[in-house]
Each structure stands twice: as structure tokens, then as C-alpha cells.
Amino acid sequence: MKDFISVPEKVQFKNPVLRYAVWSHELTHSTKHLLGRRAASTFGTIPYAKEELVAETCATLQVRNLEEEMRSLRGGELPEAWESYFEDYYENAVTYSKGWGGKFGFNVLFDQLLDADKKDQKARHLHSLMADVMDAFQLIQTGLHNDKPITADLRKESLEKNFIKLREEKNKNNDSELVI
């Protein structure tokens with residue numbers, strides 16, 4: 001099992017905010033083992049769609065923090081180029097989310113996730129989704145998991161535990177990926 005984040009080279013980005021967002025998105029995915037989120041390995045399933053929502057939402061929060069910090073350091077103003085970088089990123093984030101929804105049919109999966117038949121079930125799904133976003137965001141912001149610094153050994157141990165847990169879940173659920 002390898003544990004790494006892959007992001008395109010810096011020269012491939014004309015917008016530094018977009019590069020930061022891609023890095024933040026991938027970094028959020030890397031927190032799933034530490035936080036025990038489902039590994040979501042099967043493309044097009046509800047767990048996969050949920051993981052994409054978690055990663056993109058967390059990346060947007062990271063970008064928003066970056067923008068606020070930059071504005072704070074500059075008395076509330078940003079150079080015009082940076083204003084444009086942030087505007088472009090937010091437009092890209094919306095387009096990215098809509099693209100996944102339409103192109104890959106995730107809109108149906110998102111509807112299943114967010115439009116559950118029972119009101120309390122819908123609330124549970126939304127609560128779970130937002131809890132995953134906030135847990136990942138906090139982990140990235142602090143660099144701590146259960147008050148312990150994140151080390152290579154901690155990541156390896158968590159990765160192995162999550163892998164075993166996923167295997168047990170698949171065996172128990174007859175490999176059903178639609179279980180949330």
C-alpha cells in the first residue's frame with residue numbers, strides 16, 4: 001500500500017489558487033484513513049460521490065481561509081490579479097461539481113444521498129457529510145489526530161486498519177458499495 005498525494009507540476013497551473021485547491025482536495029482525500037472514512041474505491045458509487053463532496057468542500061474552505069489571510073495581511077485588499085485568481089477558482093469549483101454531477105451521472109447518486117425518503121435519514125446523511133468535512137478540515141489545519149502529531153507511522157497504522165475494516169465490511173455486506 002502506497003501513501004502519497006499526486007498533484008500536477010507547478011508549471012501546469014496558470015492560477016496559483018487553483019493549484020492550491022487541487023493540492024487541498026487531494027490532501028483531504030489523504031485524511032480518509034486517519035479519520036476512518038470509507039475508502040470509496042469503486043468509481044460511481046455513493047461512497048465515492050460522498051468522498052468527492054468531502055474533498056471539494058474542504059478544498060473550498062482551505063481556499064477561503066487563504067483568501068481571508070491574504071486580505072488580512074494586505075489591509076483587506078488584494079492585487080487585481082489575485083482577485084481574478086480567486087474568482088476563477090470559485091467558478092471552477094462550481095463547474096467541477098456540476099461536471100461530476102452531469103458527466104458521470106453522480107447527480108442521481110447525490111439525489112439518493114441527499115434526498116432520502118425519511119427526513120431523519122436525510123438529516124443523518126447531511127450531518128455525516130458535514131462532520132467528515134469538518135474533521136478533515138480540522139486535521140489539515142492542526143496537523144494533529146487525537147492530539148497526536150501526524151507521522152508516517154501513524155498514517156501507515158491508520159491505513160492498514162482502514163484497509164482491514166473495509167475488507168471486513170465488504171465481506172459482511174456482500175461487496176455492496178451502496179451502503180453509507
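## Exercises on a predicted model

Of the 180 residues of the protein, 34% count as buried, and the structure in which they are counted is a predicted model.

**Exercise 1.** Work out which pattern of helices and strands the protein follows along the sequence.

*Solution.* Begin with the inventory, which holds 7 helices and 2 strands. Then read along the sequence, where these elements follow the pattern α-α-α-α-α-α-β-β-α.

**Exercise 2.** Determine how the rings of Trp-82 and Tyr-85 are arranged as a pair.

*Solution.* A search of the whole structure finds 4 aromatic pairs. In the pair of Trp-82 and Tyr-85, the ring centres lie 5.1 Å apart and the planes stand at 85°, so the pair is edge-to-face, given that planes over 60 degrees apart count as edge-to-face. Both residues belong to helix H4 (residues 80–103), where they are 3 residues apart and thus separated by about one helical turn. As for accessibility, Tyr-85 counts as partly exposed at 23%, and Trp-82 is partly exposed with a relative accessible area of 26%.

**Exercise 3.** Classify the pair that the rings of Trp-82 and Phe-86 form, and decide whether Phe-86 is buried or exposed.

*Solution.* The ring centres of Trp-82 and Phe-86 are 6.3 Å apart and their planes are at 45°, so this pair is tilted. Along helix H4 the two residues are 4 residues apart, a separation of about one helical turn. Phe-86 has a relative accessible area of 1% and is therefore buried, since buried means under 20%. Finally, Trp-82, Tyr-85 and Phe-86 together form one aromatic cluster.

Definitions and conventions
Residues are numbered from 1 along each chain as its sequence is written. This is a predicted model: local features need pLDDT of at least 70, side-chain atom pairs count only at pLDDT 80 or more; totals for chains, interfaces and linings use all residues. Side-chain values use heavy atoms; hydrogens and water are left out. Buried means under 20% relative accessible area, exposed over 50%, partly exposed in between (1.4 Å probe, protein chains only). Rings of Phe, Tyr and Trp (its six-membered ring) pair if their centres lie within 6.5 Å; planes under 30 degrees apart count as stacked, over 60 as edge-to-face and the rest as tilted.
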